[in-house]
Every structure is written in structure tokens, then in C-alpha cells.
Amino acid sequence: ITGTNFGSADCLRGVSFGPGHAATFKVKDETTITATVPTARRKGLAIVTVTTASGEDSKAFLMK
């Protein structure tokens, strides 16, 4: 996941691929997060949500 101003690793609270589908993740730097799609998710459109100490942002994501 790439973006801007994610903050330090301490600021990142969570990454999810749709409601109830929390992902394991690791912060590379303030612009890059690596996340593993939960095995329970199926192919198709999902909403990826990144939650930080400052709030959250969601975007559509197509899983193949």
C-alpha cells in the first residue's frame, strides 16, 4: 500500500480488506505499508482501510 503521511510504525493501528477482515501488516516507511490479504477473503472488489492514530482512509481494491 502506498500513500503519504502514514506516520511512524507506532501511529499505524490497522489495515483491513473489508469489514471483519483484518490484515497482518508491516510499515516500511511513511509512504509504504506491506499487508497480507486474509485467507478468508475471496476474489473480487474489497474496501481497503488503513487506520492511523489520526484517522482512517478507505479505497476500493480488486483482489485477483
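Student: Which residue in S3 is the bridge partner of Thr24?

Tutor: Thr36 is that partner. This is a predicted model, where local features need pLDDT of at least 70, side-chain atom pairs count only at pLDDT 80 or more, and totals for chains, interfaces and linings use all residues. Residues are numbered from 1 along each chain as its sequence is written, and side-chain values use heavy atoms, without hydrogens and water.

Student: How do you know that S2 and S3 pair?

Tutor: Two strands pair if DSSP finds at least two bridges between them. Here 5 bridges join S2 to S3, so they pair, and they run antiparallel. S2 and S3 form a hairpin with 2 residues between them.

Student: Why is Thr32 called buried?

Tutor: Buried means under 20% relative accessible area, exposed over 50%, and partly exposed in between (1.4 Å probe, protein chains only). Thr32 has 18%, so Thr32 is buried. Thr32 lies in strand S3 (residues 32-36).

Student: How many residues of S2 are buried?

Tutor: The count is 0, and S2 is hardly covered.

Student: What does Thr32 touch?

Tutor: Contact means heavy atoms within 4.5 Å. Leaving out residues up to four places away in sequence, Thr32 touches Ile1, Thr2, Phe6 and Val27.

Student: Which residues make up the largest nonpolar core?

Tutor: A nonpolar core is a set of buried Ala, Val, Leu, Ile, Met, Phe, Trp, Tyr and Cys residues joined through side-chain atoms within 4.5 Å. The largest has 10 residues, including Phe6, Leu12, Ile33 and Met63. Strand S1 (12-17) and strand S4 (44-52) each give two or more residues to this core.

Student: Why is the meeting of Lys59 and Asp57 called a salt bridge?

Tutor: A salt bridge is a side-chain nitrogen of Lys or Arg within 4 Å of a carboxyl oxygen of Asp or Glu. The N to O value for Lys59 and Asp57 is 4.0 Å, so the pair counts. The count by this rule is 1 salt bridge.

Student: Are Lys59 and Asp57 exposed or partly exposed?

Tutor: Lys59 is exposed, at 54%. Asp57 is partly exposed, at 46%.

Technical notes. Helix = DSSP H or I, 4+ residues; strand = E, 2+ residues; numbered from the N terminus.
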